[in-house]
Amino acid sequence: MALDQSFVGRTYPPTPAYEVAREKIREFAEAIGDPHPAYRDPEAAKELGYPDVIAPPTFPIVISMPAADQVVYDPALGLDWTRVVHGDQRFTHERPMRPGDRVRATVVVESIKSFAGNDMITLVTEMSTEEGELISTARALLVARAENAAEEG
């Protein structure tokens with residue numbers, strides 16, 4: 001059954017603030033295997049013009065995914081999570097995240113489309129400081145495969 005089009009444009013409440021920490025940045029850089037020194041060494045980051053270490057460009061996924069969960073697990077939407085695959089993920093950055101940033105994420109359902117029995121839902125998540133400074137925007141495409149496609153594997 002196709003997803004309810006009335007969810008297009010729906011904005012979910014901002015998440016509680018996530019405080020970006022130097023250790024979380026280092027752990028994330030290790031997890032993705034990125035050896036750039038600006039993610040670990042404050043002096044290396046200062047040489048690049050930043051006041052402290054900076055987060056890798058994909059670090060905002062740590063904040064945007066919990067925000068997207070509000071949509072994914074919204075029982076009124078009726079999205080069957082067992083049939084969902086992540087179709088696309090993009091980030092637009094105003095600046096890198098850095099230690100001390102307290103970031104809240106607000107997710108909006110940008111579009112819902114159906115094609116060949118598959119539902120495609122695009123979510124846009126804006127991540128801003130508690131003071132309202134926009135840092136990053138994430139755009140994610142989730143695809144809920146058709147029921148018969150899920151059975152075929």
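**Exercise 1. Find how many bridges join strand β2 to β5, and work out how β5 sits among its partner strands.**

Step 1. Strand β2 (residues 84-93) and β5 run antiparallel and are joined by 9 bridges, where strands are DSSP runs of E with at least two residues, helices are runs of H or I with at least four residues, and both are numbered from the N terminus. Two strands count as paired if DSSP finds at least two bridges between them.

The model is a predicted one, in which local features need pLDDT of at least 70 and side-chain atom pairs count only at pLDDT 80 or more, while totals for chains, interfaces and linings use all residues. Residues are numbered from 1 along each chain as its sequence is written, and side-chain values use heavy atoms, with hydrogens and water left out.

Step 2. β5 is also joined to β4 by 10 bridges, and these two strands run antiparallel; here valine 124 has arginine 139 of β5 as its bridge partner. β4 and β5 form a hairpin with 4 residues between them, and in the turn glycine 132 has a positive phi of about 100°.

Step 3. Of the 11 residues of strand β5 (residues 134-144), 8 are buried, so the strand is largely enclosed by the rest of the structure. Buried here means under 20% relative accessible area, against over 50% for exposed and partly exposed in between, with a 1.4 Å probe and protein chains only.

**Exercise 2. Write down the order of the strands in the sheet, and say which strands stand at the edges.**

Step 1. The open sheet is formed by 5 strands in the order β1-β3-β4-β5-β2, and the pairing is antiparallel.

Step 2. β1 (18-19) and β2 each have a single partner strand and stand at the edges, so one side of each is left without a neighbour in the sheet.

**Exercise 3. Determine which residues of α1 and of α3 are buried, and what they pack against.**

Step 1. In helix α1 (residues 22-32), the residues Ile25, Phe28 and Ala29 are buried. Seen down the axis of α1, the buried residues fall within an arc of 100°, so they line one face of the helix; the arc is that of the directions from the helix axis to the C-beta atoms.

Step 2. These buried residues of α1 pack against α3 (61-72), and α1 is followed by glycine 33, whose phi is positive, near 75°.

Step 3. In α3 the buried residues are Ile63, Ser64, Ala67, Ala68, Val71 and Val72, and they pack against β1, β2, β3, β4 and β5.

**Exercise 4. Name the residues that touch the most other members of the largest nonpolar core.**

Step 1. A nonpolar core is a set of buried Ala, Val, Leu, Ile, Met, Phe, Trp, Tyr and Cys residues joined through side-chain atoms within 4.5 Å. The largest has 35 residues, of which Val71, Leu77, Met97, Ile121 and Leu123 touch the most other members. At least two residues of this core come from each of α1, α3, β3, β4 and β5.

Step 2. Leaving aside neighbours within four places in sequence, leucine 77 is in contact with Leu3, Phe7, Val71, Ile112 and Ile121.

**Exercise 5. Decide whether threonine 129 and alanine 144 count as buried or exposed, and trace what each one touches.**

Step 1. Threonine 129 lies in strand β4 (residues 118-129) and counts as buried, because its relative accessibility is 7%. Not counting residues up to four places away in sequence, threonine 129 touches Arg95, Asp101, Arg102, Val103 and Ile135. Threonine 129 and valine 103 are 26 residues apart in sequence, yet 4.5 Å apart in space, C-alpha to C-alpha.

Step 2. Alanine 144, in strand β5, counts as buried at 1% relative accessibility. Neighbours within four places in sequence aside, its contacts are Leu79, Arg83, Val84, Gly117, Asn118 and Asp119.

Definitions and conventions
Contact = heavy atoms within 4.5 Å.
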